[in-house]
Amino acid sequence: SKSSDEKVFNYGTVAYSVSNSNTGLNPHNSYSGWSTVRYGVGETLFKFNEKMELEPWLATGYEQIDENTVKINLRDDVKFSNGKKMTGESVKACLEDLVAVHDRAPKDLQIKSITADGQSVTIISENKVPGLISYLCDPYGAIIDMEAGVSANKNVVGTGPYVATAVSDTEINLEANANYWGSTPKVGKVNVKSITDGDTLTMALQSGEIDAAQGLPYASLKLFQDNKDYTISSTNTSRVYQACLNYKSAVIQDDAVRKAMAMAMDKNGFTSVLLQGNGTPAEGPFPSNFTFGGDKVKTADYDIEGAKKVLEAAGWVDTDGDGIREKDGQRLSINWLTYTSRQELPLLAESVQASYKQAGIEVIVNATDSYKDFLKAGNYDVFANAFVTAPTGDPQYYFTTHVVDGSDYNKGSYHNDKVETLVGQLRNEFDKDKRSDLAIQIAQQVVNDNAYIYASYLKMSFVMKKGVTGFSAHPSDYYEITADLDMN
Amino acid sequence: MQQPLLEMQHVEISYDGKPTVFDFNLQMELGEILGIVGESGSGKSTLIKATMGLLGSAGTVTRGDIYVKGKNVLDIQNDELRQMRGPEMGMIFQNCGSALCSIRTIGDQLYESMEQHRAIKRAAVDLLAMQLFEKINLPDGERILKSYPFELSGGMNQRVGIVMAMIQKPDLLFADEPTSALDVTVQAQVIREMMAMRKEFGSGIAIVTHNIGVVSYMADKVAVMHQGHLVEYGNTEDVINNPQETYTRKLIQAVPKIRRR
Amino acid sequence: MRLEKSITVRKSKLHKDQTTIKLYVFSALVVVLLLIAVFASQLVPYDPYQQDLGKALLAPDSNHLLGTDRYGRDLLSRVIMGAQSTIFSSLLLVAIISVIGTSIGVFCGYKGGKIDSIIMRISDVFLAFPGMVFAIAVAGVLGGGIMNAVVALACISWPKFARLARGQVLSIKNMPYISAAKLSGSKPAKIIFKHLLPNMMGPILVTATLDIGTMMMELAGLSFLGLGAMPPIAEWGSMMSNGRSMLQTSPWVILAPGCAIFITVMLFNLLGDTVRDVLDPQTKK
Amino acid sequence: MRKYIGKRLIQLIPIILGITLMSFTLMHTATGDAVDALYDNSGGGVTEQVKAEKRAELGLDQPFLVQYTNWLVGIATGDMGTSYISNQPVFETFVSKLPATIYLTLTSILATVVISIPFGILAAVRQNRMTDYLIRGMSFIGNSMPGFFVSLLLIYFFALKLKLFPVMGNDGWQSICLPTLTLAIAMAAKYTRQVRATVLEELNKDYVMGARARGVREMVILWSSVLKSAMLTIVTLLALSIGSLLGGTAIIESIFMWDGVGKLAVDSIMARDYPMIQAYVIWMALIYVLVNLLTDILYHYLDPRIRLEQEG
Amino acid sequence: MSAVLEVRNLKKAYQKGKTEIVAVDGISFEINKGECLGLVGESGCGKSTTAKLITRLTAADEGEIFLNGKEITHVNTKELRDVYKDIQMIFQMPLDSFNPRIRLGESVMESMINQGMKRRQAKARAQECLANCGLSSDFADRYPHQVSGGECQRASIARAIANKPSLLICDEATSALDVTIQSQILKLLGQFQQKMGMSCLLICHDLALVQEVCDRVMVMFNGRIVEEGTPDEIIMNPREEYTKRLIDSVL
Ligand SMILES: Nc1ncnc2c1ncn2[C@@H]1O[C@H](COP(=O)(O)OP(=O)(O)OP(=O)(O)O)[C@@H](O)[C@H]1O
Ligand SMILES: Nc1ncnc2c1ncn2[C@@H]1O[C@H](COP(=O)(O)OP(=O)(O)OP(=O)(O)O)[C@@H](O)[C@H]1O
Ligand SMILES: [Mg+2]
Ligand SMILES: [Mg+2]
């Protein structure tokens, strides 16, 4: 077999692009950190395992000194790819730059000061930040050598198994890092190619121009599923397809309508037929990889007849025989706003349109990539989108952005006093189990109110040529290319 | 025995199935000048076009044969016919202006048609053309060659058309009312030039004209046409001085005569 | 003297009046197509919007002549239903841009001078203006919907016809027969309609009929901006683009609307050609 | 002539002003906010305060006429600003994408001309015969297939089955073949029909008979006279095509991963990246004015009856 | 006698590249009511240009044109249409002056319909005009490319006289006609002249014809009028060198 130097791994992905704001490798810029970590250039202090539990990575562990102070101990054997040793000082410099220039990190981490001491750093935060360590797992927390800085083409010096030799908006060329602290990378060269078109990606994989692909259209997966020349690695992610109901709309304010809508969504049909099995029907915002996810939250089953009854009871009846119910002269018609850049969303819209119609609800779909304009204008009843609910493995992020008053993604102006209090508690709770408990309670309340309807979790798949090993999908969607990657 | 230059036998020509020229018989020898006169619309242009193979899709020779130098032009291959057009049989159009491509210069088109039949330099063609222009009183040949047809007057275009046909020195030249758009001085020059061509190269010329003066001046034989029929044919003097048919007589009587003194 | 040969008799090229026959045939076919579009809801074998996920992506068989799509909807029914939105919107669009564009082009070419320069520069602005920006703006101001998509496309497509028409007018307007018409005391309007337009119609007609296909595609392309057809409307262009990833696995999903577009484009083009021939006396009796 | 060209180039200024102002106005009044777009992109949570700071930083909190003037001043001093999304200088980013687009434009126009002119003439010469029907049939097919479909078919057959060309990318001459073909098929389908129609029109004219009478070869008549006359229409259309091709074709570019301005433009428009959009708009204006100028000059050469001076 | 048309100092130059061709170089003349004025001259001397200038189909560089005492050099398009009720012209190239997509009859009818005549009436009148010019009624249904050169020219004449203009400009109107038809047409024009007092500007190469029909003749050379007088005067007693040559060339 070939030596590692001769092995070249060509990887096509839909995820790397300017429109995803993740081009370049500077973790302190927008979402570029995802690329830094995904393509094996940078590593964070802690990481998630398959069950989305925290594990040390560049760190060896941490101590919570008090509510506002945490001390992180670093590995002693880590070198940057330029040969420099990673020390407390270099981590401090990196994190300080992060909170100075990044747009999300300062708010997440609320760092007041950082002190370095040998192979450890101590972080004092402004307020209590229970999720601090989880936040440090966000790819923006990738540790880079600030002395080497960021090159003109947005390259950085990290600690990962691979070093970028060329970086552009459409391609990253990587070489094995000779100074890697972990096991020696098994593949000499990796080329990450941005292929934004699903069909091109499919055919590039078929033609052998790439060895593995991420983001294939569902229809194409079939081509590789029962094919012995390819292997597929899939996992559930916390990317959820959800419908946010707009409380500013009179129809939606009707509890019965929301309830009927929740009951009339055919989640099974959506995942098994339209996503061709590449998704899992959702109950709440978090998938079952999480202790607080999966069937811990209970929702009503798919039940068209039940939905009809609910509507009937609330006075929604079809008086003019057009199949759509009315009440007080108001047609039960809802405006479903969504976008097309995620292939699943239009499918969901159209599937919902058909099943709601059976229950007597008309759905007018507006699937547009300029959905932000429509969101702003506010004339919609439902906004369906895709969202990574637990990027840091922690539930708080989702709730603070979606369900509390005035939060960024609370597009539907949902409000529940109980939820407000529970989220308040969650913000201040450090105990892991208790946090899980709170999360379940909040999610259940949101689901009971039918403020959000969760359709499905994304099952992420990597398709690769037979012989590619050590390349598997991770629920966090952070880790793709690692030192384990090999081609036989 | 020498082959006749042009021989038409029982030619009948139809447009869209409707016969326009009936049972036409004619023979022309090398070096002969034939004047064709007749009513307008009697089929003179049609006969010429038929011989040149230019009737287009509307008209067909439905009966009879046309031989040019022994070759039946109705039966020969397209490219053979093309090669004959120009050096062997040439044509001056009734309306030369529109027979020229309006967006290319005269010089270009002249060179093009020469070059199709023999290897020749552009400069040589220009020189030849300018000499001919000079002879038919078209000065400033250089400007003409550089002009587009729409920049020239009707008569100038006509003379360009004449030069284009004559420059090839065809054995058989059809002239379809070549001088009717020209003033008399030029007309005289053109006619003299045609006669010179016959003398020098022994070309046969079939000239369609309404000017009986021209016919009597240059033609050896005259054919009179009326409503698609050849009504009279014979030596010029005989026909003009002693017309047999009523139509011919009418025609000759109607000719206005200039009164000098 | 040569011997008298036997007289050759040739067949006259009798032109049967084929163009008129063609005109009738193609018009009839187009009418059939339009009738299908009008009576689509009566003609469909199944409800084109009825989903049955259990029957998703069935290959064509005797029940579903063109197969089913991924929602289990009958494709034949959807293609028939799609005739309505697809054909009418693209016809309307092409009619608007060809009429407006040609009018402006003819006006400019005929009139010349300052006005011509100014309008042509305006058309430059529209031509050069990125269509996407315009479409987004239209979507933002007027909202979604097929009619607004037609408006957006019309705004940015008319200059094509204007330029084409202007070029034609420039080359025709100095012909002697236009002078003759002026001498007959014809008003400019009459000169334009009777003398200019028929003689410049050829390329315009060809472009317009060809544009029917192009515009179908463009209209479909706009739907991702929220302009144009929205689900579950059956619209051929969107049906094709929605089915694109199934080319290798379920080709019928993309071929069914594709063939419908092909047939429509072909019919309108053939009709356009025939109309052109009818307008051209050289090919007529 | 030089004066005329100069005059036309001066006209460029109001056009560019008009078109940029128009796009500025439209993007600002009719569409969403750039900063919202910037942060909404991948679903991150950012406070209003951060957004407001960003707006101030980009100058987006000012009245839009002020913004426009600022931008104009920037242009005048040779600064086109930095992209909101990539934070790279607009001018350099834009220019770096141009060669690929220009390359593709040239090849596909060339291919279009090479395909459509002979086929169009052939169809005209063989009017209503088998060849004609065949060519027209093919052109209908080409005209009724969306670009993405053509490209997928081409990739499927030429890259997957025959393995002649790579699926995507931009290295070596092989990689330009499929995108070129995709664009050329659609355009050639149109042009073939246009060429056929105009050639048919020309063939009926008297000058064709004149040339035949002089024994000019049919081929020569077609190529030198008929085609030149027919060119008037074709040039008009080609100019439009060149214009839109130089604006990039987002779909083809993303299918073949051909890194040109089309995709950049669409991404910028979706992300409300104003400086980049403006750069694009200027580019389009430049192209169209130059291409139109060229066509008008070409018109004059193709048809000397059309006078340049009349139009200035 | 009143002048129908008066032309003063008319000038027209064409631009060809850098050189300027003066086609009409300051000519002045008048045509009286019922008069037939001949215009002869070498080809390219500016006769057609003069005709086009008088009919305002080409804009003059300098000079004035008066029709029935009214200045028409600068009238707008609308007034020009009134002018065309009085002036008509027969084009030198008849084929090009017919719209290839319109039947001859229709073209002849056009001016009458423009004057508000009913279609049926116009049609009858068109038939009559065509018949006057020796064309049977089936020619009305033919397209220009389906008739012979002479027939086309006759249709062109029919079109011009259909409206009974007070001034007719004939730019080599009879050059493609055989003499029998030619005399028929001239007779017809003569009738018009007598009955309605129509005036005529006859551009012609055939001196014999000029002598026969014209009341007065002008000789044009290089854009200028070099000689003027009655035909007999000019033909029997030419003063200019060019005129002499012209007369001597007659066969
Ligand atoms: N459109 C034009 N552009 C340039 N020059 C022109 C144009 N029309 C005419 N000329 C030139 O003007 C001069 C006079 O032309 P005009 O047509 O008036 O001649 P004419 O006397 O009618 O000749 P003919 O008897 O041959 O018709 C000629 O030298 C001609 O080349
Ligand atoms: N394409 C055509 N279709 C139908 N009839 C035609 C066509 N071309 C010519 N004709 C008719 O055929 C007859 C003969 O035409 P031709 O052109 O040969 O006449 P001509 O003798 O040359 O007359 P002129 O002296 O007027 O030019 C005419 O009556 C004419 O109307
Ligand atoms: Mg004739
Ligand atoms: Mg003239």
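These legends walk through several close-up views of a predicted model.

The model is predicted, so local features need pLDDT of at least 70 and side-chain atom pairs count only at pLDDT 80 or more, while totals for chains, interfaces and linings use all residues. Residues are numbered from 1 along each chain as its sequence is written, chains are lettered from A and ligands numbered from 1 in the order in which they are written, and side-chain values use heavy atoms, with hydrogens and water left out.

**View 1. Ligand 1 sits in a site shared between chains B and E.**
Residues from both of these chains surround ligand 1, so the site is a shared one. There are 20 residues around the ligand, and Gly155(B), Ser43(E), Lys47(E), Ser48(E) and Thr49(E) come nearest (near means that a heavy atom of the residue lies within 4 Å). On the chain B side, oxygen atoms of ligand 1 come to 2.9 Å from a side-chain N or O atom of Ser153(B) and to 3.3 Å from one of Arg143(B). From chain E, a polar backbone atom of Cys45(E) is 3.3 Å from a ligand oxygen. Taken alone, ligand 1 exposes 640 Å², and the protein buries 92% of that (areas come from the Shrake-Rupley method with a 1.4 Å probe; for residues, only the protein chains shown count as cover). Two elements give two or more residues to the shell: helix H6 (154-166) of chain B and helix H1 (47-54) of chain E (helices, H or I with at least four residues, and strands, E with at least two, are DSSP runs numbered from the N terminus). By class, the shell has six nonpolar, 10 polar and four charged residues (Ala, Val, Leu, Ile, Met, Phe, Trp, Tyr, Cys and Pro count as nonpolar, Asp, Glu, Lys and Arg as charged, and the others, Gly among them, as polar).

**View 2. Two magnesium ions, one with donors from chain B and one with donors from chain E.**
Ser45(B), through OG, and Gln94(B), through OE1, coordinate the ion that is ligand 3, at 1.9 to 2.4 Å (donors are N, O and S atoms within 2.8 Å of the metal, or 3.2 Å for Na, K and Ca; water is not among the atoms, so sites may look incomplete). Ser45(B) is in helix H1 (residues 44-52), and Gln94(B) is 49 residues away in the loop between strand S6 (89-92) and helix H3 (106-115). Ser45(B) counts as buried at 16% relative accessibility (buried is under 20% relative accessible area, exposed over 50%, partly exposed in between, with a 1.4 Å probe and protein chains only). Over in chain E, the ion that is ligand 4 has Ser48(E) (OG) and Gln92(E) (OE1) as its donors, at 1.8 to 2.1 Å. Ser48(E) lies in helix H1 and Gln92(E) in the loop between strand S6 (87-90) and helix H3 (104-114), so the pair ties together parts that are 44 residues apart in sequence. Both Ser48(E) and Gln92(E) are buried.

Arg244(C) and Asp199(A) pair up with their closest N and O atoms 2.7 Å apart (a salt bridge is a side-chain nitrogen of Lys or Arg within 4 Å of a carboxyl oxygen of Asp or Glu). Across all chains, the structure holds 57 salt bridges.

**View 3. Lys465(A) forms a salt bridge with Asp211(A).**
The closest N and O atoms here are 3.0 Å apart. Lys465(A) belongs to strand S19 (residues 452-465), and Asp211(A) to the loop between H5 and strand S11 (212-214), with 254 residues separating the pair. Lys465(A) is partly exposed at 26% relative accessible area, whereas Asp211(A) is buried at 7%.

**View 4. Arg258(A) is a buried arginine in helix H8 of chain A.**
Its helix spans residues 255-263, and its relative accessibility is 5%. The side chain of Arg258(A) makes a polar contact with that of Asp255(A) at 2.9 Å (a pair of N or O atoms within 3.5 Å; within protein, one must be able to donate a hydrogen and the other to accept it, and residues adjacent in sequence count only if both atoms are side-chain atoms). The backbone oxygen of Asp449(A) also lies 2.9 Å from a polar side-chain atom of Arg258(A).
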